[in-house]
Amino acid sequence: PALDGQVRQDPPEPPSPPAQTRTEMATVPLGFNIDAPRWDQSTFLGRLKHFLNITDPRTVLVPEEELDRAKALVEGCRAGLVPPGSSQEQLLYAKKLYDSAFHPDSGEKMNLIGRMSFQVPGGMALTGCMLQFYRTVPAVVFWQWVNQSFNAIVNYTNRNAASPISLRQIGVAYVTATGTALATAVGLNLYTKRAPPLLARWVPFAAVAAANCVNIPMMRQQEIINGVTVTDGDNNELGCSRRAAAKGIAQVVVSRITMAAPGMIILPIIMERLEKFPFMQRIRVLHGPLQVLLCGGFLLFMVPAACALFPQRCSLALADLEPELRDSIVAKHGDKVPYVYFNKGL
């Protein structure tokens, strides 16, 4: 979505050159770097614009073939060659599709459910159902289980791909996070039976927040155990740091809880007020769909806003690294590397 209030159409894909000229390639426009951020990533506003671009839920409808063409175009642009007739707008649109569907570390296509661009349609359905069906224990158990299954896929998909995780570790993380969510939700559900109705409506958020504190670190435990690769300002690898991994994962936990908070805290207040009106009592069957739509409205803004809270390329001061890694960097580079950088994941 355009941030200047104007409606803009996504530029069309680059035209395919005739068969006899497909081997002919044009050079990239002078001074154009397809990997350079379009907006200043050191500011929240710049990061918000970036994530509004790549979490655009419309990209989940883009056919696989078009995503593959976008990847080929991006890789060709990195090599300095693009199909004849490609405009800068077309290259930027290809980069948008690439960033929305391919992992920033490995370059592999991410599964559809795990993409951040799927957070609005997927999250609005699950959040709406959790907020609507909170009164009975079976309903709480079912929807918390479905939500944690969804979260496990998202967390695995958006991990730091340089740190592999085994199927056994994935299973343990999934069971632990799901158990935490269910224990929190069921326990609070029973505890709030005699509490004001609004408190019961906030139980799903408490369960989601508790589960995020377990699900994300467990799903990315290899990063905590072995560390993540850190680089200097020029992307030269310097080693692996567990402290960097811990910082990145902590920021992701905060972002995920922030992503869910407005919808799961404010929406129950809105529904509590609305349901007192006679017309709302006559259309109880529409309460669920209404909550789903309202959740979508919250997530449409909160997904990019929460992702933008912290820079994707996270930094850590040299003084905060493990002593052995810090000493190794100082021995090789002296005081030329005051900060190290790494991908914190999403």
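**Helix contacts, a pocket and cavities**

Let me begin with a contact between two helices: on the α2 side the residues are Glu-66, Leu-67, Ala-70, Lys-71, Leu-73, Val-74, Cys-77 and Arg-78, and they meet Gln-90, Leu-91, Tyr-93, Ala-94, Lys-95, Leu-97, Tyr-98 and Ala-101 on the α3 side. Sorted by class, the contact of α2 with α3 has 11 nonpolar residues, one polar and four charged. Please keep in mind that this is a predicted model.

How do the axes of α2 and α3 cross? Helix α2 covers residues 64-78, and its axis and that of α3 come within 8 Å, crossing at roughly 115°. The crossing of α2 and α3 is left-handed.

Now the other pair. Helix α4 is residues 119-132 and helix α5 is residues 137-157. Their axes come within 9 Å and cross at roughly 160°. An angle over 145 degrees counts as roughly antiparallel, and α4 and α5 are therefore roughly antiparallel to each other. The crossing of α4 and α5 is also left-handed.

Which residues make the contact of α4 with α5? From α4 we have Gln-119, Gly-122, Gly-123, Leu-126, Cys-129 and Met-130. From α5 we have Trp-143, Gln-144, Val-146, Asn-147, Phe-150 and Val-154. By class, the contact of α4 with α5 holds seven nonpolar and five polar residues, and no charged ones.

Some of these residues come back when we look at the cavities. How many cavities of 30 Å³ or more does a search of the whole structure find? The search finds three.

The largest cavity holds about 240 Å³ of space. It is lined by 19 residues, and those closest to its centre are Gln-119, Thr-127, Asn-147, Asn-151 and Ala-260. Gln-119 and Asn-147 were both in the contact of α4 with α5. Five helices each supply at least two residues of the lining of the largest cavity: α4, α5, α8 (203-219), α10 (242-274) and α12 (287-307). The lining of the largest cavity divides into 11 nonpolar residues, seven polar and one charged.

The second largest cavity has a volume of about 60 Å³. Its lining is made of Met-130, Phe-133, Tyr-134, Val-140, Trp-143, Gln-144, Ala-185, Val-203 and Pro-204. By class, the lining of the second largest cavity has eight nonpolar residues, one polar and no charged.

About 1500 Å³ of space lies in the largest pocket. There are 49 residues lining the largest pocket, and Asp-35, Pro-104, Gln-312, Arg-313 and Asn-343 are the closest to its centre. Both helices and strands contribute: α1 (44-54), α3 (88-101), β3 (228-231), β5 (313-317) and β6 (339-343) are the elements that give two or more residues to the lining of the largest pocket. The element that gives the most is α3, with six residues. That is the α3 whose axis crosses that of α2 at roughly 115°.

By class, the lining of the largest pocket divides into 18 nonpolar, 21 polar and 10 charged residues. That is where I will stop.

Terms used: Residues are numbered from 1 along each chain as its sequence is written. This is a predicted model: local features need pLDDT of at least 70, side-chain atom pairs count only at pLDDT 80 or more; totals for chains, interfaces and linings use all residues. Side-chain values use heavy atoms; hydrogens and water are left out. Axes are lines fitted to C-alpha atoms, for helices over the stretch in contact, and angles run from 0 to 180 degrees between N-to-C directions. Helices (H or I, at least four residues) and strands (E, at least two) are DSSP runs, numbered from the N terminus. Angles under 35 degrees count as roughly parallel, over 145 as roughly antiparallel, 65 to 115 as roughly perpendicular and the rest as oblique. A crossing is left-handed if the near helix is turned anticlockwise from the far one by less than a right angle, and right-handed if clockwise. Contact means heavy atoms within 4.5 Å. Ala, Val, Leu, Ile, Met, Phe, Trp, Tyr, Cys and Pro count as nonpolar, Asp, Glu, Lys and Arg as charged, and the others, Gly among them, as polar. On a 1 Å grid over the protein atoms alone, a cavity is a set of points where a 1.4 Å probe fits but cannot get out, and a pocket is an open set with protein on both sides within 12 Å along at least five of seven lines; lining residues have an atom within 4 Å of a point. Grid points are joined across faces, edges and corners, and a volume is the space filled by probe spheres set on the points.
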